[in-house]
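Hi,

Here is the structure I said I would pass on.

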Amino acid sequence: MAVSKKQQAAVNKYVKANYDRINYTIPKGKKAVIQDAATESGESVNHYIDVAVDSRLEQRLRRQLKELGFELHKSRRRKPVSLEEREEYKDYVPSDMGGWQITDNTGAIIEGRNFELTITDVASWIKYISQNNYGK
């Protein structure tokens, strides 16, 4: 079934409001290598690149948190988020990969107790803590 112009306009409006775009330029031939790797892992190229970027960001955030006296952990929360919670707390909905929690050196959860944090949430938290001289 063909998508109507109205439906496509609605999708475009949603994407514009909820996503950022990055123009990623790479040497000739590398695109095919990335496409093959993504296909082999059963992922889209976008998801494949996003996972790679998240891995590097995770390393950076762990290092920054450690310097402040905190640790980053994958959330152990298993309860799915309800549709009502998703709407009310849409900025804290866990990603497909699961969310994050920040703990102090005793293991007490500092952030991410009720809602899993995204990588963006963790980066914002670190920036706030650093600017206000909290932590170590």
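Going from the N terminus, the protein's elements run α-α-α-β-α-β-β-α, which comes to five helices and three strands. Helices here are DSSP runs of H or I with at least four residues, strands are runs of E with at least two, and both are numbered from the N terminus.

A word on the ground rules: this is a predicted model, where local features need pLDDT of at least 70, side-chain atom pairs count only at pLDDT 80 or more, and totals for chains, interfaces and linings use all residues. Residues are numbered from 1 along each chain as its sequence is written, and side-chain values use heavy atoms, with hydrogens and water left out.

Overall, the protein has 136 residues, and 21% of them are buried (under 20% relative accessible area; exposed is over 50% and partly exposed is in between, with a 1.4 Å probe and protein chains only). Its accessible surface is about 11,100 Å², with 51% belonging to carbon and sulfur atoms (Shrake-Rupley method, 1.4 Å probe). Of the contacts between residues at least 6 apart in sequence, 54% join residues at least 24 apart; a contact means heavy atoms within 4.5 Å.

Now the helix packing. H3 (residues 45-68) and H5 (residues 119-131) pack at an angle of about 30°, their axes 10 Å apart. That makes H3 roughly parallel to H5 (angles under 35 degrees count as roughly parallel, over 145 as roughly antiparallel, 65 to 115 as roughly perpendicular and the rest as oblique). The axes are lines fitted to C-alpha atoms, for helices over the stretch in contact, and angles run from 0 to 180 degrees between N-to-C directions.

On the H3 side, Asp-54, Leu-57, Leu-61, Gln-64, Leu-65 and Leu-68 meet residues of H5 that include Trp-125, Ile-126 and Ile-129. By class, this contact has ten nonpolar, two polar and one charged residues (Ala, Val, Leu, Ile, Met, Phe, Trp, Tyr, Cys and Pro count as nonpolar, Asp, Glu, Lys and Arg as charged, and the others, Gly among them, as polar).

Glu-58 also lies in H3 and is partly exposed, at 23% relative accessible area. Leaving aside residues up to four places away in sequence, Glu-58 touches Leu-72 and Trp-100. Glu-58 and Ala-123 are 65 residues apart in sequence, with 9.6 Å between their C-alpha atoms.

And how does H2 (residues 30-40) sit against H3? Their axes come within 9 Å and cross at roughly 90°, so H2 is roughly perpendicular to H3. Ile-34, Gln-35, Ala-37 and Ala-38 of H2 make the contact with Val-45, Tyr-48 and Ile-49 of H3, giving six nonpolar, one polar and no charged residues.

Cheers
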